[in-house]
Structure formats: structure tokens, C-alpha cells
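Please consult the sequence and the structure shown below while reading.

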Amino acid sequence: MFETVATTTGLIIGFFCGLLPLGLGIKYQQIKPGIIGFVACLLSGFACGMWGGVPMIILSTSVVVSYIYVNRQDPFTSRQSLDEVDFEESTQEYIVRQMASLGRTIRAMSRGLLRNKGGFIGFLGIMFFVVMTVFGPLVIEYEGDIQMDRRQPGATTLLQPPSWEYPLGLDWWGRDIVSHIVYGGQNLIITSIQAGVMSTLIAVTLGSLAALLGGLVDQLISALSNFILTIPQFPLLLVLASILEFDNSFMLAVLLAVLSWPALMRAVRAQVLSLKERDYVEAAITLDLGLYHIIMREIFPNMISYIAINFIFAVRAAMYAIVGLVLLGMSPLTEPDWGIMIWNSRTQGAFYSAKGITWALAPIVAIALFQLSLILFTRSLEEIFNPRLRKGL
Amino acid sequence: MSQQPLVELHGVYRSFEKERVRIPVLQDIHLNVYPNEVLCLVGESGCGKTTTGKIIASLLDASEGEVLYNGRRMAEYDRKERSLIRRQMQLVHQDPFASLNPAHTIGQILGYPLKRHKMVNGRAELRRRIWELLTLVDLTPPGDIVNKFPHQLSGGQRQRVSIARALTVNPKLIVADEAVSMVDVSIRIGILKMLHNLRDMFNLAIVFITHDLALAKYFAWEGRIAVMYLGRIVEIGRTQDIIANPAHPYTRALLSAVPEADPNLTRKKQPIPLRSDEIPRLTAIPPGCAFHPRCPFYQPGVCDVSVPRLAQAPGYAQDTACIPLTTGEQLVPYGT
Ligand SMILES: Nc1ncnc2c1ncn2[C@@H]1O[C@H](COP(=O)(O)OP(=O)(O)OP(=O)(O)O)[C@@H](O)[C@H]1O
Ligand SMILES: [Mg+2]
């Protein structure tokens, strides 16, 4: 899936994807959005290959179209009487109109992102870590083996404090700590996100079902969630982790998700219960728009920011749990990994040596900064998904 | 009126369960809604107007009693017919800020029901129909509205969108629940007039819910009024009969508080003071006539013993639920 990650092929894909928004922007004299669209395509193509470039074409072109699109030929603006207006619209016009409205939404979302300073800083923080894990490996080589040759004359260990050559110093085996920080986030972040996604999916599905169906289903789901909530989470996780002895991180994510959905499920259930009493839902019932429409079109869009915020919280919780497991030596993760760095530095006594202080602190600071970015970012989510900040065409 | 009523309520009771306490909200409601009529439900806050309106619109079930739509119970219809019947009765909510989904544009709000029920063929017709609907509710030019989100419109405009949305499915009856009470006074009349026009145009029946008897008098002058008190209908009949000659003491009290356009008339009006301003709670409804603790014409031993039923009183054209009146007695002020 990610063969083209950060390769020349990805860059080429991104370049060609970016030509469309750029060309449109130049043709219709919307240079700025055109260039931004081009850069966005280039970067996302570079980062994720086809998986980044193709969606980004649609998004960035929509934004450019939304700048170009002025309502001129829309029959709705006409002040003529009904019979004189032509309501026909070709498929092409229809697509352009839809893209323009998508572009509007994206612009409103980015405005929402920029509005809250704290949230934007959080977003930048997250982007920093994403860029570091995706592009960092291009410039920094990973050092997995012991580096005996770095031993300094007269020194008893390979441990070194920061220097110009090694900004964060060397660890017990003489390996560059910067390289471990750069490579060590990937697995941890991906596993946490997997756990967060699964936990959110379970919670949203069960929570909506419980709220909408009520009765026995509601009681069963609530009983199950209460059961899981009453067991102390971390000890249970420990016990399960040692019993299952899994060897891949995906299984760990599944386990974390299975243990962490109840709290979010309750929140979603309460939210759906309140949303389904809204007047517009009642109107949808008298208009007989159907259950699917009511869930997906009336209730869900008003819950997205709530779900997104809780998704972030789930990711955070999963990350803490994983690091906790690593520290207790019970995680399937392997080097390079921030959690394992903490474990190694502790077992090698870096906490007691002035030379090893960066080795011990670097992964802790990295985890803390990532968590802080997530928390700050949740402040913006509310504004990004708030439909009340949107303007129509 | 010998027409087949659109909706009939026969001895309908409705109660809600709140913290394991049963709250009786509606009791023994008898009410018919006929095609193309205007029926006003009037009463104080909490007397069960909205609940009645929702039962009429088939959004709520009756706890007891029978509700007939076009002469048959809902359960007698099959799935398809039920969907059709439900669509025949639309509700316009009180709060225009809560009744439109903030996530949809006006075009989407009107488009969903049109598409869902295949009321239009193809995009051109859909656009044409939305244009038509927006023009019908005086939101012109439609282009200024159709791509906007509800939060970009004023309260009055939203209420018009809400009415247009009800019209998408060609209803036979619209329940307007305090439809103008949250709208600026200056645009109320416009919306009320529009409702009247729509009624004529589409042969609609309108159940208009309000706590304001003056508004009911204005809106339902050609129609009927049902006055509700604590979950019961205490007086029902043609608006002109009730306004000219109110029977029930509660209606008289309400009417005496309505200002007249002519200040001389207002000054001449004798306010009818109630014996108490306190509305009893629904969990402790007084025995007999629920109004007796406040009634200025209370007759001990009569009013607090048995529950009055709606019947025509001698000398009145409308039906009223007051034992002294229906047995042909004169009302005498309490304590004289
Ligand atoms: N779903 C419900 N659950 C519990 N109680 C309810 C429910 N719906 C209504 N009630 C109660 O029923 C009573 C009557 O409510 P209803 O909304 O019908 O009154 P109303 O005449 O429309 O009043 P208002 O003028 O305030 O709108 C109120 O006391 C309310 O608390
Ligand atoms: Mg009400």
C-alpha cells in the first residue's frame, strides 16, 4: 500500500496530480489557491503515493473551483418567472457545482482550524511528528547496531552527552539518539491510531444502536460496557497481554480497543439520545425519510466533532497504555520505539548519570509533546466540524 | 360538518412516565379535524396542546382511546399506506432555530423528501420544484436562499423554509405548533396570511396551536377553537360563537384579558378575576372539574364532585364542559 512512500515515484505522482489545480488556477487567474493546491498534491503524493495524491487532486481542485465558481448561470438566482427559467443542468455543470460546494466546505474547515490559536499549534505539532516520521528517514539513517568505534579514549562506556556531531548524544551502545527518536515514533503512533480507530468504531456503532433501538439491545450493551468499566483496566491489560503473548502490534491495538470502547460508547449513546429528540429529526420522521437517512444525514453530521474529539482521546489513552506495557516489558513492539528507549535507558541506569540524561529524557519529551499536540488540536476540532461556521455558495 | 374527518380522536388519554411517576397529560380528548378547516388549540402553557398536536400528526401514540386517520386506525393500514398517511400530516415546529438541521443547506432540506418519495423526475425537475416551493413561501429570489445554511437566515425566513419543507410531500393537514410565537411580531402577520393562502391553494387543514386567544381569534375567525385546560378540552366550537358568547368560565376569563382594537371597548370590559392564579400540577389534578379551585363561579358540592363532559349548554352554540351550564343553571359568582 505504501510502496511509494517518500520515493521519487511518489514525488512524480504528486507532481502530476498537482498540475490540475495549478493549471486551473493559472487559467482562471486564481494563482494563489492554484499554487497551494499544487504544493499540497506534491507533498501528499510524496508522502503517501497514489493514496495521498489522488484524494488530494479532488480536494485541492475543489478548492480552486470554489474560488472560480461564481453563481452566474444558476437558475436559482433568476428573478424571472417560473416559465422563463431553464432548470436544465448538464452533468458537467452539476459536477462543477458539487466540487465548488465541497471546496467551500474545505475552506470553512481550514478557517475553523486557523481560528483557534491553541488548536492550530496542536495541529502544527501533529504535522511536525508526521513529517518527522515520514520524511525523517530520508535524511537520517537508523542505527541499530552497536557502534564500538565511537568509544572515546579513556571512557568506560559508549554513553555520550550531546555534542555537535550527535545533538542528543549517544546511547549505551553508542547509537545516535536522534535516529531513534526519528524512527521510534512510527510504530507507536500507528498502533495507537489503530487502537483509537477501532475503539471509536465499536463505540459509535454500539452507542448508536443502544440509543436508537433501546429496550433489550440497550440493556445488553449497557450491561456489557458496565462490566468492562468496573474491571481495573491496566491490570487486566497486563494479565491479558501476558496470557496472549501476541507477537504483532496489531493484536495489541485490537486488545486496547476491546478494553477501551465503553466510556466513549456511553458518551455517544447519550449524544444520540439527545440528538434524536431534536425537532429536525421529528420533521424527518413525519416526512418519512427513513431510518438510514435519519442516522446518516440528520444525526451523524451533528456528532462528527464530538466523535473526532473522542477519537483523539482514545488515541492518547492507547498510547499511554502501550508505553506502560513496554515499560513493564510486555509489549510486542521492537526497536526502534520511544517506549523501548525509555525502558532501555532505565535498565542501563541512564537516569543516574549526567551523560545519559538526554537518552532518558528525549523519548519522554517526544511522547509528552505528541500528547500535548493532540490535546491542543481537539480545541480546533469543534470549530472545524461546526456546520454553523459554513457558508453556502 | 358531515365530511369524513381527516383525524378523529375518541376518548384519548396520554400520560408520560417521569422518574417512575405517571404524569397524565391528556384526558378524555374528543376531537375531529376536518379537511380544509382551521382549528385552533388554545390554552395555558403545559395544558397539553403540543401533545395533542403530536398525536394528531401521528408522532405520538395515545395511551388509551382511539385515533382514526381517514376513518381507520393506523394499525389497519399496511406499510405503504401508513407512510402515505403519515406524510399527509405535517408539523411546523415552534422553534425555527431547532427545526432545521444546521448541517444541511436549504436546497438539501427541501430536496431530501422530494427525492425520497420520488415526487420529481431528474435534476431539472427537482430544481424547478424547489424554486416553486421557495417562491410559494415568499422566499424570493430563490437563488439567495437555496444554497444557504439555516444559520444564515432570519427566524422568519427559517419558519418559511419549515413550512415549505412541510409542503414538499403534499400534505392534507399541517399542525402549526406556536408557529409564530418565536418570530418577530412585525413578520407574524405575513406568515399567518401566507398560511391562509396556502390553505386555500392546497385545500389544507390547519391545526393552529397557540396560548394566545387573541391570535386564535384572528387566525381562526372562519374556523373553530378548542380551549384546553389541564389536559382536557373545556370548550369547543366555531370561533365566532365562542368569541361572541363564551360559555366556560375559563374561556370567559381568558377572553376578558384580551385587549380590543378599540380602546373604548377595552375600557368597558370587565376583567373576570380568577380566585387563584396558581395552575395545579398535572400530578395533583383537582377532583371533579379541574378548574374549580380557580373558578369564579365555583359551586361547592357540584363542581368538585364529578368530572364535567363536553356538551351543548342551553343558550350556546358551542360545546362546553361545565356542569352548572350544561344542566341549564345560571352561573353565580362564588360566595354570593
Ligand atoms: N416526552 C415527555 N416526557 C415527559 N413529560 C412530557 C413529555 N412531553 C410532554 N410532557 C409534559 O406534558 C405536559 C404538557 O406538555 P405539552 O408540551 O403538551 O404542553 P403545551 O400545552 O404544548 O405547553 P407549552 O405552551 O409550554 O408548549 C408538560 O407538563 C410536559 O412536562
Ligand atoms: Mg407546546
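How far does a backbone N or O atom of B:Lys49 lie from an oxygen atom of ligand 1? The distance is 2.9 Å. The model is predicted, with local features requiring pLDDT of at least 70 and side-chain atom pairs pLDDT 80 or more, while totals for chains, interfaces and linings use all residues. Residues are numbered from 1 along each chain as its sequence is written, chains are lettered from A and ligands numbered from 1 in the order in which they are written, and side-chain values use heavy atoms, without hydrogens and water.

**Ligand site**

The table lists polar contacts, that is, pairs of N or O atoms within 3.5 Å.

| Residue and atom | Distance to an oxygen atom of ligand 1 |
|---|---|
| B:Cys47, backbone N or O | 3.3 Å |
| B:Lys49, backbone N or O | 2.9 Å |
| B:Thr50, polar side-chain atom | 2.5 Å |

The protein covers 66% of the 640 Å² of accessible area that ligand 1 has on its own (Shrake-Rupley method, 1.4 Å probe). Strand 1 (7–18) and helix 1 (49–56) of chain B each give two or more residues to the shell around the ligand; helices are DSSP runs of H or I with at least four residues, and strands are runs of E with at least two. Helix 1 of chain B supplies the largest share, three residues.

**Salt bridges**

Over all chains, the structure holds 14 salt bridges, each defined as a side-chain nitrogen of Lys or Arg within 4 Å of a carboxyl oxygen of Asp or Glu. In one of them, the side chains of B:Glu37 and B:Arg224 meet at 2.9 Å, N to O. B:Glu37 lies in the loop between strand 2 (21–33) and strand 3 (38–42) of chain B and B:Arg224 in strand 9 of chain B, so the pair ties together parts that are 187 residues apart in sequence. Both B:Glu37 and B:Arg224 are buried (under 20% relative accessible area; exposed is over 50%, partly exposed in between, with a 1.4 Å probe and protein chains only).

B:Arg129 and B:Glu132 also form a salt bridge, with the closest N and O atoms 2.9 Å apart. These two residues are three apart in helix 4 (residues 122–136) of chain B, a separation of about one helical turn. A network of salt bridges links A:Glu89, A:Arg97, B:Arg123 and B:Arg127.

**Buried regions**

Seven of the eight residues of helix 9 (residues 249–256) of chain B are buried, so this helix is largely enclosed by the rest of the structure. Its buried residues pack against elements of chain B including helix 7 (213–219) and strand 10 (232–238).

Note on methods. Contact = heavy atoms within 4.5 Å. Polar contact = N/O pair within 3.5 Å; in protein donor to acceptor, adjacent residues only side chain to side chain.
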